[in-house]
Amino acid sequence: MVKNIAVIPGDGIGPEVTQQSINVLNALAEQYGHQFKYTYCLMGADAIDKTGNPLPDETIEVCLNSDAILFGAIGHPKYDNDPSAKVRPEQGLLKIRKTLQLFANIRPVTTYPSLQHLSPLKSKQLEDVDFIIYRELTGGIYFGKKETNEDLTEASDLCTYNKTEIERIAHLAFKSAQSRRKKLTLVDKANILETSRLWRKTVQQIALSYKDVTVDYMFVDNAAMQIIVNPKQFDVILTENMFGDILSDEASVISGSLGLLPSASIGNSSALFEPIHGSYPQAAGKDIANPLGSVLSAAMMLDYFNLKEEADLVRKAVEWTIKNGMVTKDIDPINFYFMSTVGDLIIDYVNGRIPGTVNKKNIELRKSTII
Ligand code: IPM
Ligand code: MN
């Protein structure tokens, strides 16, 4: 299989974690006889520094001509504390979502038994937690009309949705539920918001075509609580842009480290894959960031290419490193392994050198010596 992949390394730790994913993809390509061709492009603070524009036209052009986009991270502290900055890295991400119509943001929340101690939840609540959030990504309050009055004392952000925008993501979410435990929870605020009532009505209609899926409706304030008190009740959560932004960060702490979680943003003809963590500038260049969020995002890209066996192999490799404590500093601050070592171990596993010919002593040598 030949695939053209646009690579946007982005800011902070973005470039180094993305490199680990590319190494893994190259190892798979060699093993399975695929050809992955990469075109690098700019977005975020990196793009502002080099071109003055957080999303240069050339990047859009490359993305439109690619089969998928692999993205690292966005953001730089010099913009975070300056609310008056006119050009911001995040504008690049919002613009690429809108331009490529990446309307469905998919974030799986999985738990690993060996990482339960890192989760703020009790192990009893963590057992069997496995759900996936479908967050609408190109509508709602993020993209509605924004206004501030002349003397800057009043501001408003409009939240709008139309039926088509709701339907296209709802179908994806229902199909996902069909391939999982066949339960879908629509999260909204239909007791207050008109847009939420449109979501409910539309989803109720669509549900008629997915009779095997049980549908549940939950207000967002209750959902925020249920994700903590009883997360295993969820299978597929479907929700609008802003609620999904907030709930997916909340849900991300369940697994124990933000560094582990992947995401996919899917449109009709483009798809972007990125770890959900930010640019973590304090760790940039130190070889200590967790590469697994990016590597698991690359696995979601392989799923998207229909390379199921390859994707499953990557996930198995990741599970093996976690189970054997070969993890980065965010997971084990004392006995940690460097990012590139974890990346290399995943490749060793993928290539079938683990268990077996990989020398444990050599691995131990590449572990940190900070005690
Ligand atoms: C996310 C991020 C973005 C969002 C920011 C960086 C624009 O928080 O992908 O969840 O708010 O959507
Ligand atoms: Mn967010």
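Trainee: Is Ser-252 buried or exposed?

Mentor: Buried means under 20% relative accessible area, exposed over 50%, and partly exposed in between, using a 1.4 Å probe and protein chains only. Ser-252 has a relative accessible area of 2%, so Ser-252 is buried. Before going on, note that this is a predicted model, in which local features need pLDDT of at least 70 and side-chain atom pairs count only at pLDDT 80 or more, while totals for chains, interfaces and linings use all residues. Residues are numbered from 1 along each chain as its sequence is written, chains are lettered from A and ligands numbered from 1 in the order in which they are written, and side-chain values use heavy atoms, with hydrogens and water left out.

Trainee: Which helix holds Ser-252, and which residues is Ser-252 in contact with, leaving aside neighbours within four places in sequence?

Mentor: Helices (H or I, at least four residues) and strands (E, at least two) are DSSP runs, numbered from the N terminus. Ser-252 lies in α10, residues 241-252. Contact means heavy atoms within 4.5 Å. With neighbours within four places in sequence set aside, Ser-252 is in contact with Leu-258, Leu-261 and Ile-276.

Trainee: What lies 2.6 Å from a polar atom of the Ser-252 side chain?

Mentor: A polar contact is a pair of N or O atoms within 3.5 Å; within protein, one must be able to donate a hydrogen and the other to accept it, and residues adjacent in sequence count only if both atoms are side-chain atoms. For the side chain of Ser-252, the backbone oxygen of Asp-249 lies at that distance, 2.6 Å.

Trainee: Asp-249 has a side chain too. Which side chain meets that of Asp-249 in a salt bridge?

Mentor: A salt bridge is a side-chain nitrogen of Lys or Arg within 4 Å of a carboxyl oxygen of Asp or Glu. The partner of Asp-249 is Arg-107, at 3.9 Å from N to O.

Trainee: How is the protein divided into domains?

Mentor: Domain bounds come from an automatic or database domain assignment. Domain 1 covers 1-110 + 256-371, and domain 2 covers 120-254. Their C-alpha centres lie 25 Å apart.

Trainee: How much area do domain 1 and domain 2 bury between them?

Mentor: The size of an interface is often given as the accessible area lost when the parts come together. Buried area is the accessible area (1.4 Å probe) that two parts lose on being put together, summed over both. Here the two domains bury about 1,900 Å², with 61% of it on carbon and sulfur atoms. On the domain 1 side, Phe-103, Arg-107 and Val-109 lose the most area to domain 2, together 36% of what that side buries. In residue terms, 18 residues of domain 1 are in contact with 21 of domain 2.

Trainee: How many salt bridges and residue pairs in polar contact are counted between the domains?

Mentor: The count is 1 salt bridge and 9 residue pairs in polar contact, both residues at pLDDT 80 or more. On the side of domain 1 that touches domain 2, the elements giving two or more residues are α5 (89-99) and β4 (104-110). β4 gives the most, with 7 residues. Nonpolar covers Ala, Val, Leu, Ile, Met, Phe, Trp, Tyr, Cys and Pro; charged covers Asp, Glu, Lys and Arg; the others, Gly among them, are polar. By that division, this side has 10 nonpolar, 5 polar and 3 charged residues.

Trainee: Where is Gln-101 placed, and what is its phi?

Mentor: Gln-101 is in the loop between α5 and β4. Its phi is positive, about 55°, although Gln-101 is not a glycine. Gln-101 is partly exposed, at 29% relative accessible area.

Trainee: Where does Leu-152 lie?

Mentor: Leu-152 lies in the loop between β6 (146-148) and β7 (155-157). Phi of Leu-152 is near 60°, a positive value in a residue other than glycine, and Leu-152 is exposed at 68%. Asp-151 is placed in the loop between β6 and β7. The side chain of Asp-151 makes polar contacts with those of Asn-149, at 3.0 Å, and Thr-153, at 2.7 Å.

Trainee: How many salt bridges does the structure hold?

Mentor: The structure holds 18. One of them joins Lys-50 and Asp-46 at 2.8 Å, N to O. Both lie in α2 (residues 45-51), 4 residues apart, about one turn of the helix. Lys-50 is exposed at 58%, whereas Asp-46 counts as buried at 19%.
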